Amino acid sequence: MDVFQKALELVSRYPLCDHCLGRQFALLGYSMENNVRGSALKVSLTLQATDAAKEKNVEGIKQLKVLATNGFSREAQETLKHLKKRVPKASEEKCYLCEGKFELLDTLTGKSLKNG
């Protein structure tokens, strides 16, 4: 199974933030933060799915819907709209692994520096 297939399998099963998806592939791409790695994977998956969907490939549409639901909602939703496909509602669930803790990181860092 290649990296993209594994990443798609993970986001198909669980809502994952960029940090946590990237952490699953931490041994790939040195000098790269997990959130950058996770975002790059989601962008690549979206591009692959868009290309497949434009060729009328049903799997491409399914992949976009998974991404729209579990972790890359805005970009995948906009792509589905552009392709005139039904747009699923984004999941309200927090990241399966960190439960949304990485979303709080900037806020906590700011508070820490302010009180420091």
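Select K56 first. At 73% relative accessibility, K56 is exposed, because the cut-off for exposed is over 50%. This is a predicted model. K56 sits in the loop between helix 3 and helix 4, the latter covering residues 58-69. Look at its backbone: K56 has a positive phi of about 65° although it is not a glycine. Most residues other than glycine have a negative phi.

Go to K84. The phi of K84 is also positive, at about 60°, and K84 is not a glycine either. Its place is the loop between helix 5 and helix 6, where helix 6 spans 105-115. Is K84 buried or exposed? K84 counts as exposed, with 74% relative accessibility.

**The whole chain**

Zoom out and colour by secondary structure. The protein chain has 6 helices and 0 strands, which gives the pattern α-α-α-α-α-α along the sequence. Its C-alpha atoms fill a box of roughly 55 × 30 × 20 Å along the principal axes. Of the 116 residues, 33% count as buried. Among contacts in the chain with a separation of 6 or more, 42% are between residues 24 or more positions apart.

Then show the charged side chains: 19 are positive and 14 are negative. The centres of these two sets lie 4 Å apart.

**Helix 3**

Select residues 34-54. This is helix 3, with 21 residues. From its first C-alpha to its last, helix 3 reaches 30 Å, close to the 30 Å expected at 1.5 Å a residue. Which residues of helix 3 are buried? They are R37, G38, L41, K42, L45, T46, A49, T50, A52 and A53. Note that the list includes the charged residues R37 and K42.

Stay in helix 3 and pick V43. V43 is partly exposed, with a relative accessible area of 36%. Now draw a distance from V43 to E75. The two residues are 32 apart in sequence, and their C-alpha atoms are 8.5 Å apart in space.

**V11 in helix 1**

Move to helix 1, residues 3-13, and select V11. V11 is buried, at 0% relative accessibility. Show its surroundings, leaving aside neighbours within four places in sequence. What is V11 in contact with? Its partners are L16, L21, V66, L67 and N70. V66 and L67 fall within the 58-69 range of helix 4, and L21 falls within helix 2, residues 18-23.

Follow the chain to Q24, in the loop between helix 2 and helix 3. Q24 is partly exposed, at 41% relative accessibility. Display its side chain, which reaches the backbone oxygen of C20 at 3.1 Å. Apart from neighbours within four places in sequence, Q24 is in contact with L10 and L97. N34 is 10 residues away from Q24 in sequence, and the C-alpha atoms of the pair are 8.5 Å apart.

**Q77 in helix 5**

The last stop is Q77, in helix 5, residues 73-82. Is Q77 buried or exposed? Q77 is buried, with a relative accessible area of 19%, because the cut-off for buried is under 20%. Which backbone oxygen does the Q77 side chain reach? The side chain reaches the backbone oxygen of P88, at 3.3 Å. With neighbours within four places in sequence left aside, Q77 is in contact with A68, V87, P88, K89 and A90.

Key
Residues numbered from 1 in each chain as written. Predicted model: local features only at pLDDT ≥ 70, side-chain atom pairs only at ≥ 80, totals over all residues. Heavy atoms only, no water. Helix = DSSP H or I, 4+ residues; strand = E, 2+ residues; numbered from the N terminus. Buried < 20%, exposed > 50% of the residue type's maximum accessible area, 1.4 Å probe, protein only. Contact = heavy atoms within 4.5 Å. Charge placed at Lys NZ, Arg CZ, Asp CG, Glu CD. Polar contact = N/O pair within 3.5 Å; in protein donor to acceptor, adjacent residues only side chain to side chain. Expected span 1.5 Å × (residues − 1).
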